[in-house]
Every structure is written in C-alpha cells, then in structure tokens.
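I opened the model and worked through it feature by feature. My entries follow.

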Amino acid sequence: MSKTITILGGKDKTGRPEPIDSLQIESGQIYSIVGFTGSGKSQLISDIEQMAQRDTITERKILINGQSPDYSTRYDPDVKIVAHLSQNMNFTLEMGVKDFLHLHGECRGIKKSDSLIGEVMEYANTLAGEPVREDDILTSLSGGQSRALMIADIATISNSPIILIDEVENAGIDRRKAMDLLAGKGKIVLLVTHDPLLALMGDRRIVMQNGGMNQILTLTDEERKAEYLLEGFTEKILTAQNRIRCGESLSVEDLIYIQEESLC
Ligand SMILES: Nc1ncnc2c1ncn2[C@@H]1O[C@H](COP(=O)(O)OP(=O)(O)O)[C@@H](O)[C@H]1O
Ligand SMILES: [Mg+2]
C-alpha cells in the first residue's frame, strides 16, 4: 500500500508561520526529526499520528495521498495507517509470542498466517540481541526483544504504511537493520532522535526549532563518511560498556580510534 504524506505548516510557539510550509514524504523514505528538548519533535509526531486538520496547537494540516483523510482513516482503529512505537512500550499480555502473532494476523484478516509468523520471527531475531522464541510469553520479553518483535510485526503483519518512532535510543536492537527493514517494505519512517548516528540514518532530517519545522536537510556524501566514523566511535563505546560490565578494566588502547586510511 503506497502512500505519501504531506505536512502543511502551521505556527511555531510564538504564533509565527513555521519556516517550512509544506513537506511531502514518500513511501520508503526515512526522515529523522532532530532538535533540542522542547523544540516540538514529539508534537510533530503527534500531529501526524492524529492526522491534524488545523485542529491542534500547531495548526498543522496532514494530507494522505494529497487529500485530507476521511473520517474512518482518522478515527477507525481498524484502518490504522499510522503505527507509533514509543520509548516505554512493553507487552502486558500473558500470551505466547506465536499465539499473539496468530491473533494479530486474524485481526488483520490474514487467514493462513503460519508463513508470515515465520517471517516475523526471523526478522525479530535479526534485530534483537537475545533470541525471541515462538513459545516465549510476551511479558517475559526484554525491552529489546519486545521492540524487535513489534518492529518485525509492523513490517509484516500490520499494514500501517506510516511508522513513527519516538526516541528508541537504547532499545537493545539493531536500529540500522530495523530502519532498512521498514523502509524496504515501503513504509514511511519518521524517527525522533537525539543520537547523531540514528539521525544520519534518515535520508533527510527535519530540524525543529521553537515548535516549528525550521529546516529540511538531505544527507550529504560528507555526512555518509562522518556516519562511518561515528559507527566506529559507537562500537568503541559499546566495547567499553561491555568491558566494564564484565568487570574488566579499560585501556587507552581499546579506545584509540580507526586510522584515517580506513576511511573509504
Ligand atoms: N508549534 C507549537 N505551538 C505551540 N506549542 C507547541 C508547538 N510545538 C510544540 N509545542 C508544545 O511545546 C511543548 C514541548 O514540545 P515537544 O514536542 O514535547 O518537544 P520535544 O519532543 O522536542 O522535547 C509541548 O507542550 C508541545 O505541545
Ligand atoms: Mg519529545
């Protein structure tokens, strides 16, 4: 189901028109949303989730495929074109993973969900650090496993074409793979983040300021190189984290960074 969303600008916190007055996002694109705390990132996500029609505090208007969404698109929970993954999401259901996926498949009108369930499990296990099994009880999953399962489920069983992700920094999943999986399935992914590495995973980024969309930046070649270096830093931090967790001591050598010549 291919979709575009258009965000028509409203007002910033001072009541002035926000600098970006129209932004169209296509199926398969990843946008990150960046800005200081209080700059309006979550509000933008919320406007999209509610499909605001000049009726929220920002007065933005959201179009789906160039049109105002009709009543059922906006309010019918079965239609659900926007899926929102938030930071503190966890399952509260005492149910096995497989049974849950079956049930979810049924709710979505999928008759034979066995092969899809296999696909969800496979994806979840490429994203999560610790394996997720079909017989695991949902409430026993860790934060990382839960999020991996939700993302795999969104990519496969849910047909929501728009995915909003608000700050999943330390979720314990392979975030790059998660983004690639969702974008590869033709989803629109909007990702709020303070993490520079995650911000650079977007094709473009929306810079929020004072409640308004202030700039739209496209990832440059220079930034792709910077991203490569940042990945190296991040790995170093993870190494340090692991060493410390294991009760080992850190050496300066562990943290000396990749040489310039390894830059491609
Ligand atoms: N354009 C705006 N006009 C008025 N209030 C806004 C606007 N954008 C955001 N706000 C409000 O400002 C506060 C902080 O915004 P929020 O989206 O939570 O920031 P962030 O997620 O970047 O930390 C919230 O109460 C939000 O509703
Ligand atoms: Mg926020």
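I began with the domains: five residues of domain 1 are in contact with seven residues of domain 2. By contact I mean C-beta atoms, placed from the backbone, within 7 Å. The side of domain 1 that touches domain 2 has four nonpolar residues, one polar and no charged. I count Ala, Val, Leu, Ile, Met, Phe, Trp, Tyr, Cys and Pro as nonpolar, Asp, Glu, Lys and Arg as charged, and the others, Gly among them, as polar.

I noted the bounds as 4–219 for domain 1 and 220–264 for domain 2; they come from an automatic or database domain assignment. Their centres, taken over C-alpha atoms, are 29 Å apart.

A note on provenance: this is a predicted model, where local features need pLDDT of at least 70, side-chain atom pairs count only at pLDDT 80 or more, and totals for chains, interfaces and linings use all residues. Residues are numbered from 1 along each chain as its sequence is written, while chains are lettered from A and ligands numbered from 1 in the order in which they are written.

Next, ligand 1. I found 16 residues around it, the closest being Gly40, Lys41, Ser42, Gln43 and Gly211; the criterion is a C-beta atom, placed from the backbone, within 6 Å. The shell holds two nonpolar, ten polar and four charged residues. Helix α1 (residues 41–50) gives the largest share, three residues. Helices are DSSP runs of H or I, at least four residues, and strands are runs of E, at least two, numbered from the N terminus.

Last, the sheet. I traced six strands in an open, mixed sheet, ordered β5-β6-β7-β3-β8-β9. Pairing takes at least two DSSP bridges. The edges are β5 (82–86) and β9 (212–218). Strand β8 (residues 204–209) runs antiparallel to β9 over six bridges. Arg205 has Leu217 in β9 as its bridge partner.

Definitions and conventions
Two residues are in contact if their C-beta atoms, placed from the backbone, lie within 7 Å.
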